[in-house]
Amino acid sequence: MDVSQNLSLGDPLEPARNATAHMLQTRERTFSLPQPFYTDERLHEIDMQEIFHKEWLIAGMTCEIPKKGNYLTVEIGKNPVIVIRGADNAIHAFHNVCRHRGSRLCTAEKGKVAKLVCPYHKWTYELDGRLLFAGTEMGADFDMRDYGLKPVHVKNAGGYIFISLAQNPPAIDEFLHTLAHYMEPYDMENTKVAVQTTLREKANWKLVLENNRECYHCNGSHPELLNTLLEWDDTNDPRADQAFKDHVAQSAAAWDAEKIPYLHASFGLRNRIVRMPLLKGTVSMTMDGKPGCSKLMGRIQNPDLGSMRILHLPHSWNHCMGDHVIVFTVWPISAQESIVITKWLVHKDAVEGVDYDPARLRQVWDATNDQDRQLAEENQRGINSTAYQPGPYSKTYEFGVVNFIDWYSERMLSNLGAAPAPYLKGVAVHE
């Protein structure tokens with residue numbers, strides 16, 4: 001028996017956990033969070049333990065590991081994880097930690113292997129995590145069956161790979177079933193990452209998400225994006241005029257003719273999918289609104305599919321167009337630093353320099369991401385001030401931010417084992 005698993009020096013974060021629960025239970029729902037949620041390293045560690053270690057995260061795309069032995073790695077705080085394609089097309093996920101003395105097995109971001117071999121002492125694992133070789137040095141009574149890699153929960157749907165470090169992750173199958181249906185036209189198994197960027201932002205991850213969940217700032221900050229993007233994505237939005245509603249109805253008729261899913265689908269506040277047209281006369285998020293890739297995705301024949309927007313809390317938003325898909329994921333680094341990874345995907349047979357130009361493909365969102373970085377960093381600098389106190393969200397322009405904070409508050413309180421906040425009573429925050 002491994003008694004070390006039962007030993008503990010105690011939880012140094014216990015007072016901070018209690019304070020976190022109290023702040024969430026007593027805060028004003030339509031105001032921004034108290035300062036420690038954006039600035040305190042103890043609360044950052046609680047975020048990692050209770051949100052990023054327990055919820056489902058998007059590790060990558062299935063097209064990134066197309067064949068047996070292809071792998072990708074991600075870092076969830078201090079937890080390195082391997083996602084690998086095994087036999088019979090199965091996708092596995094493991095803690096990227098050798099069972100010998102804990103060294104990382106895979107040190108590259110992506111790669112291909114026949115077996116997983118620890119670079120330290122050459123312990124060797126099958127692609128399904130079984131230990132195959134540890135050497136005779138371990139002694140005759142050593143049982144390799146006891147030392148397979150520690151698994152991580154993994155599911156995939158619609159080309160996306162979801163992982164969770166939780167012992168018992170939250171239910172997600174209903175959303176994944178719907179996601180697979182909505183992504184079917186894109187045939188994501190037959191796509192590729194045309195270009196990828198990593199942006200380091202000196203801002204708390206929640207500020208990055210809050211910024212994404214509203215377009216209140218768009219008109220003054222994102223000229224490139226607003227060449228094509230409509231600021232709202234719901235005909236019930238109080239700002240939506242009749243011209244917008246007519247544009248949506250005309251687009252929906254064309255999508256119906258091609259059997260392209262578009263109806264709004266929500267799963268609590270964690271997940272939502274909605275297809276909305278882009279500005280009239282534009283079909284893709286490029287500077288001129290024309291396709292960024294001449295070879296359309298999957299079975300799509302009409303490039304004018306607008307943008308299907310996919311939200312996955314706590315850390316991802318996506319835009320799916322007829323010619324390419326953009327996937328964004330946010331990864332916390334510290335209380336005041338985050339990484340935003342952006343991937344542009346195109347048909348796997350699209351030829352760089354012929355069907356698409358990577359620089360043109362990424363131009364709009366390179367500009368937008370950097371503008372958002374500056375906004376989030378200035379937001380962080382202001383919140384660090386002793387003058388900061390929670391301010392009111394606009395119920396019209398910032399309802400998406402309120403929804404995100406509602407979701408965050410409910411999941412944090414639930415995962416902490418604390419009583420729910422009174423203001424969340426009757427709010428459908430989870431699937």
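Which residue caps the N-terminal end of α3?

**View 1. The start of helix α3.** D40 is the cap of this N-terminal end. One of its side-chain oxygens lies 2.7 Å from the backbone nitrogen of R42. Helix α3 spans residues 41-52; helices here are DSSP runs (H or I, at least four residues), numbered from the N terminus. Its buried residues (under 20% relative accessible area, 1.4 Å probe, protein chains only) are L43, H44, I46, D47, M48, E50, I51 and F52.

This is a predicted model: local features need pLDDT of at least 70, side-chain atom pairs count only at pLDDT 80 or more, and totals for chains, interfaces and linings use all residues. Residues are numbered from 1 along each chain as its sequence is written, and side-chain values use heavy atoms, with hydrogens and water left out.

**View 2. S32 in its loop.** S32 sits in the loop between α1 (14-26) and α2 (36-39). S32 is buried, at 11% relative accessible area. Its side chain makes a polar contact of 2.8 Å with that of Y388. A polar contact is a pair of N or O atoms within 3.5 Å; within protein, one must be able to donate a hydrogen and the other to accept it, and residues adjacent in sequence count only if both atoms are side-chain atoms.

**View 3. The largest nonpolar core.** This core is a set of buried Ala, Val, Leu, Ile, Met, Phe, Trp, Tyr and Cys residues joined through side-chain atoms within 4.5 Å. Of its 71 residues, I76, V83, I163 and Y408 touch the most other members. Helix α9 (residues 399-416) gives the most to this core, with 8 residues. A second, separate core has 32 residues, including F162 and I273.

Definitions and conventions. Helices (H or I, at least four residues) and strands (E, at least two) are DSSP runs, numbered from the N terminus. Buried means under 20% relative accessible area, exposed over 50%, partly exposed in between (1.4 Å probe, protein chains only).
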